[in-house]
Amino acid sequence: MDEFSVLVGGKAGDGINEAGMIIARLYNQLGYCLYQYLDYQSLIRGGHNFAIVRASGKKIGACLDSVDFLLALNQDTIDRHEGRLKENSVVIFDSDEVKSGFDGGVGLPLKTMAKEAGAPSISRNVGLIGAFSKAAGVEWKILEDVLRKEVPKLIDENLEVARRGYEGIEEEERLKVERRSYPCCPVITGNEVIGLGLLRGGLDAYVAYPMTPSSGILHFLAKVAGDFSIKVIHPENEIAVILMAQGFAYAGKRAALGTSGGGFCLMNEGMSLAGMAETPLVAVVSMRAGPSTGVPTYTAQSDLHFVMNAGQGEFTHLVIAPGDAEQAYYWSATSMGLAWKYQIPVILLSDKTLSESAYSFNLDEAEEIPEIGPVLADGEGEYRRYLRTDDGISPLAFPPRSGAAVKANGYAHLESGITTEDAGEIKAVQDKSLRKEVSLKIELEGLPAVRTYGPEDASLALLCWGSNKPVCAELAEKLGLRVVQPVVLNPFPKSQFEEALQGVERTISVETNSTGQLARLIRCYGFEADDLILKYDARPFSVDDLEERLMEVTR
């Protein structure tokens, strides 16, 4: 098999995410590129959770509809996903829980196995992984090594459950799996990659109130805070988050925050404060389906125009939407440098699909991080926090500094930072902001603000942004299409986007929202999407789904 997909499912509390990650890491050891999508309801116990793990010898970042292995810890998983099976798919299930028969499946008493091994009931998933490993051709030594690394508690008992599952599969039912040549890379979530990128960008403090799907960044950075000597703080609410992050920045500490759309709503006044006070800030906003509570654990790309216009008044918003793990790493690090050089709020826009999916993260495929740093005061003469320069960038100083009054003012102000209501001074404040945006646009021309994939001579191009990049790129490779992905969305990189469209005769915007927000954005700059492919059921595109929709549009 050149590639295959595995679906493992059960209830919340059955350890489905961990089971999927262990399966992914098994095949990571065999030279496969991995992608895992996690689907779960907003429940602590019960309901239905499942993970789809796709393994391939080439770079991937999206799921297929069909699966080669269906691993079921309960009847509900089989009932919901039987339609995904192919003629030769393998089904393995817990016969203690699945009571209605399934033709062709292999049932093992996993609950009984866990009990007999002295392991907790949740260890059923380890028994299921053991059975899968035998059926999928994974050697016991590889499984044992991965489990010893990934299962920190009751390892002997869990290994016994895994061995019983492994031995429950007959040798003749076993597939032969060949090693692939994809580099052995860490299999980590998009949120973890974003956290690594922030650390690479010089992060000193991360402030967040937990909100799905951004919470993984908070958990990851809290776990490694001691290793990197950073502060990770969970304040009482989102208003406190954005103000505390700005307090860190005022003191000279590189700070970032994380939230989702609902939490970012509460941060709008703080965004305006950062804009007027010229406080460097990186805000990771991971989108989910809305409005309001919406569907907390599912995905959407519906907040683009909201974040581009967050906060009252006119000030520079830098909005960046990476599309895969390598882009997330590059732009998380680069956003820190840009925020501090230009003293602006930068919004790193993710979504549930990018944040909570797991990827084979290949650092060698990421762009080299540019060294972008702040302009610091030289200490000569009287310090003026808001000195009006040709490029709009005022040299920074931080308290306590002998002989300098370092102001941070959300009111219109003089160069010194003292409040003013003089008409000429107010205009000068806004002109300074406009010059800064011009300088930022020039800087962005030298960065990969727009990416393209597929043949350069293709006349049909898919336009996409954010997490739709991998599915569009894979389909474009298959069908000979071009993909144009603006990564920076504000200020919009018009010249790079125009160059990427050279020779294209027809464009189709692919988005997971109901209004075509990228199509609306590019229309403001004189570009028009000829067709839209929109998905707004809170689920991401699969490769098969997008191909079917594309055939409908182009036939």
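In this predicted model, the side chains of Arg539 and Asp39 form a salt bridge, with an N to O distance of 4.0 Å. Arg539 belongs to the loop between strand 20 and helix 19, whereas Asp39 belongs to strand 2 (residues 33-39), so the pair ties together parts that are 500 residues apart in sequence.

Although Ala538 is not a glycine, its phi is positive, at about 75°. With a relative accessible area of 9%, Ala538 is buried, because buried means under 20%.

Helix 19 itself comprises residues 543-554 and includes Asp544. Asp544 contributes to a negative surface patch together with Asp65, Glu548 and Glu552. The relative accessible area of Asp544 is 31%, which places this residue in the partly exposed class. Membership of a patch requires over 30% relative accessible area and no salt bridge.

A second example is formed by Arg451 and Glu367, whose closest N and O atoms are 3.4 Å apart. Here Arg451 lies in strand 15 (residues 450-453) and Glu367 in the loop between strand 14 (358-360) and helix 15 (423-444), so the contact ties together parts that are 84 residues apart in sequence. Both residues are partly exposed: Arg451 has a relative accessible area of 25%, and Glu367 has one of 36%.

The loop between strand 14 and helix 15 also supplies Arg388, which pairs with Glu425 of helix 15, so parts that are 37 residues apart in sequence are tied together. The side chains of Glu425 and Arg388 meet at 2.7 Å, N to O, in this salt bridge. Glu425 is partly exposed at 22% relative accessibility, and Arg388 is likewise partly exposed at 26%. Elsewhere, salt bridges link Glu3, Arg54 and Glu474 in a network.

Gln343 has a positive phi of about 55° and is not a glycine. This residue is found in the loop between helix 13 (325-342) and strand 13 (345-351). Gln343 counts as buried, its relative accessibility being 1%.

Two cis peptide bonds may be examined next. One joins Gly290 and Pro291, with omega at about 0°. Pro291 is located in the loop between strand 11 (281-287) and helix 12 (304-308). Another cis peptide bond runs from Asn490 to Pro491, and its omega is near -5°. Pro491 occupies the loop between strand 18 (488-490) and helix 17 (494-500).

Notes. Residues numbered from 1 in each chain as written. Predicted model: local features only at pLDDT ≥ 70, side-chain atom pairs only at ≥ 80, totals over all residues. Heavy atoms only, no water. Patch = residues over 30% accessible without salt bridge, like charges linked within 9 Å, V, L, I, M, F, W, Y side chains within 5 Å. Areas by Shrake-Rupley, 256 points an atom, 1.4 Å probe, with all protein chains shown as cover. Lys, Arg positive; Asp, Glu negative; His and termini not counted. Charge placed at Lys NZ, Arg CZ, Asp CG, Glu CD. Helix = DSSP H or I, 4+ residues; strand = E, 2+ residues; numbered from the N terminus. Buried < 20%, exposed > 50% of the residue type's maximum accessible area, 1.4 Å probe, protein only.
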